[in-house]
Amino acid sequence: MNNIKIHFLGASGTVTGSKFLLETPIQNLLIDCGMFQGLKELREQNWRDFPFDVPAIDAVFLTHGHLDHTGYLPRLVKQGFTGKIIGSAPTLEIAKIILLDSAKINEEDAEKANDENYSKHYPALPFYSMEEAEKTIKMFNSVTKDTWHSLSDHVKYRFRYNGHIIGATFIEMEVYGKTFVFSGDIGRQDDLLLFPPEKPQWADYVFIESTYGNKLHPQESVSEKLITLINKAIHDRGTLIIPSFAVERLQALMFLLWKLYNERRIPNIPIFIDSPMGNNVLDVFERYMGWHKLPPGELMAIKQRMNIITSYKETWETIDDPRPKIVIAGSGMVTGGRVLTYLKQLIDEPNTTILMVGYQAEGTRGRLLLEGAHELKIFGKYYTVKATVHHIESLSAHADQAELIHWLNDIKNIPEITFLIHGEPTALDALRVKIRDTYGWRASIPRLNEIVEILI
């Protein structure tokens with residue numbers, strides 16, 4: 001018998017910080033290496049040393065490139081990790097873009113905090129630097145999806161298409177003959193840009209995300225909502241600000257707005273795309289055409305219709321532009337990025353409209369806006385919220401409860417344990433009950449830093 005220890009080091013009882021370590025007799029395998037976002041007590045955990053002997057980790061496997069699945073990688077390398085970081089080619093491209101962008105923001109924020117003396121720590125330090133991000137990226141190793149790859153005599157793995165964002169996969173890992181399935185983030189069945197997720201057929205141990213484990217996405221018309229808010233911005237001579245995730249969500253919004261304009265359903269209102277990272281992601285879409293639905297000609301047409309901002313000078317020119325306009329800028333949860341510059345200048349104007357288009361984790365500025373906050377703290381200062389705030393949930397890149405249940409329905413055996421991860425407590429418990437009632441499976445909700453031992 002072989003003793004396997006599963007360490008739940010993130011996204012356990014919460015949504016962000018995905019890290020799951022398989023400690024086996026011969027190898028130690030880390031699935032995802034994300035940073036915590038949202039609540040302060042979670043973010044503080046990012047600064048703690050990894051709770052395992054880092055040089056003893058043999059490989060890291062990435063389900064996809066989002067920061068809450070990759071953002072701790074430079075810290076892991078700094079603490080002595082020397083193995084391979086493995087993922088699909090587009091996932092590693094996205095991870096590279098995100099890590100470099102995050103490092104740049106980290107350095108700028110630390111410098112700003114030191115110059116303006118609003119940090120409790122002096123000197124304020126970046127979570128990781130550009131140099132540390134670049135060192136990490138050199139350890140990336142891409143593998144083909146749908147093919148079994150051997151890591152050792154007792155460990156093999158394969159990556160399978162999962163929607164959500166470009167490059168995203170779920171991972172099937174055979175360890176001593178048992179199949180561990182790590183869902184990563186599961187995409188939508190009818191995504192605007194991506195194909196439906198594939199589904200596992202066999203699993204002894206399932207690790208499934210539960211972001212929307214207690215919800216069904218509303219059957220709302222995204223196009224009609226956008227048309228209404230765009231007409232409002234034109235009538236009010238104001239700005240429609242859309243904080244957006246740079247990967248997939250930004251491209252989906254660009255596609256929707258381009259389509260509405262082509263169909264003459266919206267007027268020729270200026271649309272500004274202010275996301276350096278999002279611009280780089282468009283290049284990934286162009287290089288990996290087989291991972292999404294958009295034909296090459298449409299991608300070029302979409303880019304030509306938008307005003308792509310490439311400098312901070314252009315950001316300020318856009319803010320000063322008196323015309324009614326649409327601005328799409330990162331970040332999607334308003335935790336950083338160019339959108340903060342727009343909000344600082346425009347959030348106190350009644351003719352400003354803010355449209356949230358994705359999941360907003362606890363403790364983020366995005367969640368505060370949705371909950372009706374009357375002021376927002378940005379870089380140590382408070383700004384009065386006079387803008388109106390709207391929300392479109394159905395653009396989410398995450399499967400809802402029905403789609404999560406559907407994702408499991410091709411599994412031919414009864415898994416020994418289904419671990420529910422990457423969700424807040426109410427979502428986790430609702431999905432646990434739904435899985436029990438639908439399949440009769442044993443579902444477990446692991447606690448953060450819990451270690452589960454199994455014998456194989």
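Visitor: How many of the 5 residues of strand 10 are buried?
Guide: This is a predicted model, where local features need pLDDT of at least 70, side-chain atom pairs count only at pLDDT 80 or more, and totals for chains, interfaces and linings use all residues. Residues are numbered from 1 along each chain as its sequence is written, and side-chain values use heavy atoms, with hydrogens and water left out. Helices (H or I, at least four residues) and strands (E, at least two) are DSSP runs, numbered from the N terminus, while buried means under 20% relative accessible area, exposed over 50% and partly exposed in between (1.4 Å probe, protein chains only). Strand 10, residues 178-182, is mostly covered, and its buried count is 4.

Visitor: Is the pairing of strand 10 with strand 11 parallel or antiparallel?
Guide: Two strands pair if DSSP finds at least two bridges between them. Strand 9 (residues 169-175) meets strand 10 over 5 bridges, in the antiparallel sense. Strand 11 (residues 205-209) joins strand 10 over 3 bridges, and there the sense is parallel.

Visitor: Which residue in strand 11 stands opposite phenylalanine 180?
Guide: Phenylalanine 180 of strand 10 has methionine 173 opposite it. In strand 11, the residue opposite phenylalanine 180 is tyrosine 205.

Visitor: Which residue in the turn between strand 9 and strand 10 has a positive phi?
Guide: Strand 9 and strand 10 form a hairpin, with 2 residues between them. The phi is about 50°, and the residue is tyrosine 176.

Visitor: Which strands stand at the edges of the open sheet of 7 strands?
Guide: The sheet has mixed pairing and the order 6-5-4-3-2-1-22. Each edge strand has a single partner strand, so one side of each is left without a neighbour in the sheet. The edges are strand 6 (140-142) and strand 22 (451-455).

Visitor: What is the bridge partner of leucine 21 in strand 3?
Guide: Strand 2 (residues 20-23) and strand 3 (residues 28-31) run antiparallel, joined by 4 bridges. In strand 3, the partner of leucine 21 is leucine 30.

Visitor: Within what arc do the buried residues of helix 9 fall?
Guide: Helix 9 (residues 296-305) has Leu299, Ile302 and Arg305 buried. They line one face of the helix, because, seen down its axis, they fall within an arc (of the directions from the helix axis to the C-beta atoms) of 130°.

Visitor: Which residues are exposed on the other side of helix 9?
Guide: The buried residues of helix 9 pack against helix 7 (249-262), strand 13 (271-274), helix 8 (276-287) and strand 14 (307-308), where contact means heavy atoms within 4.5 Å. On the other side, the exposed residues are Pro296, Gly297 and Gln304.
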